[in-house]
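Please look at the sequence and the structure below; the report that follows describes selected features in running text.

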Amino acid sequence: MTNIDSHATSSVDQCRIINLPRVQLNLAGSSSAVQNTPPLPFDIHRIYYLYDIPADTERGGHSHYTEQRLIVAVTGSFDVVVDDGHSRRSFHLDRPYKALYIPAGIWRTIDNFSSGSVCLALASNIYDEDDYVRDYNLFLKLTEAK
């Protein structure tokens, strides 16, 4: 982990929907490709996905010191609530060509999963447990300088 900590400077206003390139294949559906080029705000170093999630389950519940993330509803839908320690904002994701950008230092929770939903996450870092803040009270202390 680097010594950069974005908790003191990040804002929910930095969270935004990024439209991924979308190619409509006539009557054969559509395709979206993600690669390390704009409109991505970071290079991808890890990809994972969540599936078979019960509707009443909440995921996330953490922030990162340095990791940035894109969240995509590949199928189905869910809500992502982002929190910078002072403000909260909610995003409803339900299209596979729309990605939610979450900068480092933002607490996120994901809930309201529809049946059969798949949540794709594209991360700027490889997995590093030391980059996670999983205690909300610690998160609030890290963000109080804003």
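In strand S10, Ile-110 is the bridge partner of Val-80. This is a predicted model, in which local features need pLDDT of at least 70 and side-chain atom pairs count only at pLDDT 80 or more, while totals for chains, interfaces and linings use all residues. Residues are numbered from 1 along each chain as its sequence is written, and side-chain values use heavy atoms, with hydrogens and water left out.

Strands here are DSSP runs of E with at least two residues, numbered from the N terminus, and two of them pair if DSSP finds at least two bridges between them.

| Pair | Sense | Bridges |
|---|---|---|
| S7 and S8 | antiparallel | six bridges |
| S7 and S10 (residues 107-111) | antiparallel | five bridges |

Val-82 stands opposite Arg-89 in S8, and in the hairpin of S7 and S8, with four residues between the strands, Gly-85 has a positive phi near 95°. Five of the six residues of S7 are buried, that is, under 20% relative accessible area with a 1.4 Å probe and protein chains only.

A nonpolar core is a set of buried Ala, Val, Leu, Ile, Met, Phe, Trp, Tyr and Cys residues joined through side-chain atoms within 4.5 Å. The largest one has 18 residues, and those with the most contacts inside it include Phe-78, Val-80 and Leu-100; its largest share, three residues, comes from S7.

Ser-6, in the segment before strand S1 (16-19), counts as buried because its relative accessibility is 17%.

Methods: Buried means under 20% relative accessible area, exposed over 50%, partly exposed in between (1.4 Å probe, protein chains only).
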